[in-house]
Amino acid sequence: MNKTANQMLVIFGASGDLTARKLVPALYNLYKGKHLPDNFVVLGLSRSNLTDNTFRKRVVLESPYLKEALKGENQDFVDAFANQFFYEDLGDDYDVSYGKVNTRISDLDTKFGTGGNYMFYLATPPNLYETIAKNVSEQGLSDESSGFRRLIVEKPFGYNLKTAKNLNKGLHQYFNESQIYRIDHYLGKETVQNLLVTRFANSIFEPLWNRNYIQHVEITNAESVGVEKRGGYYDKSGALRDMFQSHLLQIVSLVVMEPPINASAEEIRNEKVKALKSLRIMHDEKTLYDNTIRGQYLASVIDGEKVKGYREEDGVDPNSKTETYAAIKFFVDNWRWADVPFYVRTAKRMPTKVTEVVVHFKTPHHQVFNDVDINNMDNKLIIRIQPDEGIMIKFGVKVPGQGFKVERANMDFYYSSLVDNHIMQAYERLLLDAMQGDATLYARADEVEAAWEFVDPILDYWENNKGVKTYGYSAGVWGPKNSDTLLEGNYTWRNPGEHLADDMGFCVLS
Ligand SMILES: NC(=O)C1=CN([C@@H]2O[C@H](COP(=O)(O)OP(=O)(O)OC[C@H]3O[C@@H](n4cnc5c(N)ncnc54)[C@H](OP(=O)(O)O)[C@@H]3O)[C@@H](O)[C@H]2O)C=CC1
Ligand SMILES: O=C1O[C@H](COP(=O)(O)O)[C@@H](O)[C@H](O)[C@H]1O
């Protein structure tokens with residue numbers, strides 16, 4: 001296990017949802033697992049009028065997100081955790097001199113021995129990222145001569161290629177790239193990391209991992225929830241920005257990349273960038289029309305309960321065309337993947353929550369057995385990212401008895417079957433990595449920009465071309481009726497689980 005140096009975590013936007021819902025529970029798990037260093041403190045900063053004590057109550061002692069975890073715990077143990085939290089009120093604005101902040105950091109550092117090592121976490125709206133970096137740097141707090149200084153940045157990393165480049169350029173004025181950690185929480189998921197191990201720690205998959213044996217690759221990210229309380233944010237974002245540009249293209253890069261020469265952060269990220277740069281960018285309208293589908297969920301009834309349509313959600317424009325479903329077909333222009341279609345979809349209000357990568361292998365080029373349903377018999381490797389993390393191989397076996405009737409069988413591995421199966425939550429893993437200076441699972445500036453290069457033309461086409469349709473789908477079904485038209489031949493999307501509602505049909509929203 002790597003050693004974690006004594007340090008201070010300074011959170012900007014500490015009164016917000018992310019801090020309470022994700023960061024503090026992740027820190028608590030690290031504390032419980034004895035992963036935090038001996039000398040560790042958290043300094044929360046925001047404009048809200050809080051004190052050390054009210055902040056502790058808010059994010060630890062009375063936090064709804066820790067209620068379950070703290071039940072039955074020894075109070076001294078919980079108090080010792082809570083007492084590591086401190087708070088400083090920034091006043092009315094984030095764009096002020098951080099002299100007071102600097103003094104508080106320095107006092108806490110001296111008192112608790114955090115060794116001059118500081119991690120600044122930006123949990124604010126993204127328009128403040130550069131301002132905060134500037135004000136931190138003006139206090140000399142990005143200077144690493146007396147300890148490490150890291151900046152953790154939350155997505156979204158820009159709104160399109162131009163703004164992403166501006167953001168990177170802006171942050172680079174104050175922090176070096178090696179100090180910046182861009183969080184993509186999908187990279188913190190165990191099975192996403194296992195993609196690398198499956199591919200590069202075994203010799204049975206990699207020889208087949210190319211255009212000679214793979215028919216197509218399908219990636220599904222489905223959520224059963226709608227936009228919940230984030231309608232205002234989501235309506236300006238949509239599924240392509242919210243999920244596809246970040247999490248899904250990260251998964252694509254791990255499927256597509258070449259073997260790195262070693263497992264260091266830079267070598268892995270170099271290969272990921274090459275993979276992202278090899279995605280064929282769609283420029284002309286016909287290609288964009290043929291290869292992209294966007295949809296939006298409609299009101300429905302799921303398990304006897306009425307569910308709002310997207311346009312009825314709080315914070316959403318009643319005439320919104322923002323997509324809650326996005327499906328994209330694309331190709332990867334390199335030696336390994338030439339002509340292999342990739343189908344990637346992400347959506348809210350699907351029948352179930354599931355994320356998986358399905359690698360479809362080609363059917364044998366000569367059929368020896370007559371009794372085989374070719375359309376349903378391709379070998380598949382299914383990498384289940386969530387839930388029930390694991391891997392499954394589907395292959396043909398002989399049905400016992402006379403003749404050679406072939407049926408499909410499964411060979412599978414589930415993480416839950418491991419004896420020591422504590423799977424760290426994504427934020428837990430990523431925070432620990434950043435504390436230890438390991439940026440392997442963080443997105444580098446050029447990765448983010450390469451992903452936007454691919455996504456930008458699709459966004460532009462969807463947003464600026466009046467002819468582009470947004471297809472409706474009833475909340476609780478697997479997307480618009482025509483989503484299968486994207487797939488070549490007789491293939492259809494693999495829809496794991498049951499439909500929870502009837503598909504009320506195909507419609508085009510105006
Ligand atoms: N919540 C989540 O699960 C996820 C969040 N993110 C990203 O993390 C960041 C923080 O998200 P989240 O905690 O959900 O957001 P919240 O709106 O809940 O919190 C944002 C924090 O920033 C401060 N803030 C400063 N200026 C503003 C402003 N103009 N409007 C609103 N808040 C402001 C607020 O504190 P105060 O007013 O006291 O200064 C607040 O504590 C965002 O960039 C978001 O995109 C990314 C992935 C998941
Ligand atoms: O980043 C985001 O991810 C969540 C889905 O994350 P998961 O770990 O629950 O799969 C998504 O709901 C949200 O819209 C998006 O911003």
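Let me start with the overall layout: the protein chain is divided into domain 1 (7-154) and domain 2 (187-422 + 453-509), with bounds that come from an automatic or database domain assignment. This is a predicted model, in which local features need pLDDT of at least 70 and side-chain atom pairs count only at pLDDT 80 or more, while totals for chains, interfaces and linings use all residues. Residues are numbered from 1 along each chain as its sequence is written, and chains are lettered from A and ligands numbered from 1 in the order in which they are written.

Taken over C-alpha atoms, the centres of domain 1 and domain 2 are separated by 36 Å.

The axes of H13 and helix H9 (residues 231-256) come within 10 Å and cross at roughly 150°, the axes being lines fitted to C-alpha atoms over the stretch in contact, with angles from 0 to 180 degrees between N-to-C directions. H9 and H13 are therefore roughly antiparallel, a term for angles over 145 degrees. On the H9 side the contact includes Leu-240 and Phe-244, and on the H13 side Trp-452 and Ile-458 are among the residues, where contact means C-beta atoms, placed from the backbone, within 7 Å.

Helix H7 (residues 161-172) also packs with H13, at an angle of about 165° and with the axes 9 Å apart, and this pair is therefore roughly antiparallel as well. Here Lys-165 and Asn-168 of H7 are among the contact residues, as are Glu-449 and Trp-452 of H13.

Terms used
Helix = DSSP H or I, 4+ residues; strand = E, 2+ residues; numbered from the N terminus. Parallel < 35°, antiparallel > 145°, perpendicular 65-115°, else oblique. Contact = placed C-beta atoms within 7 Å.
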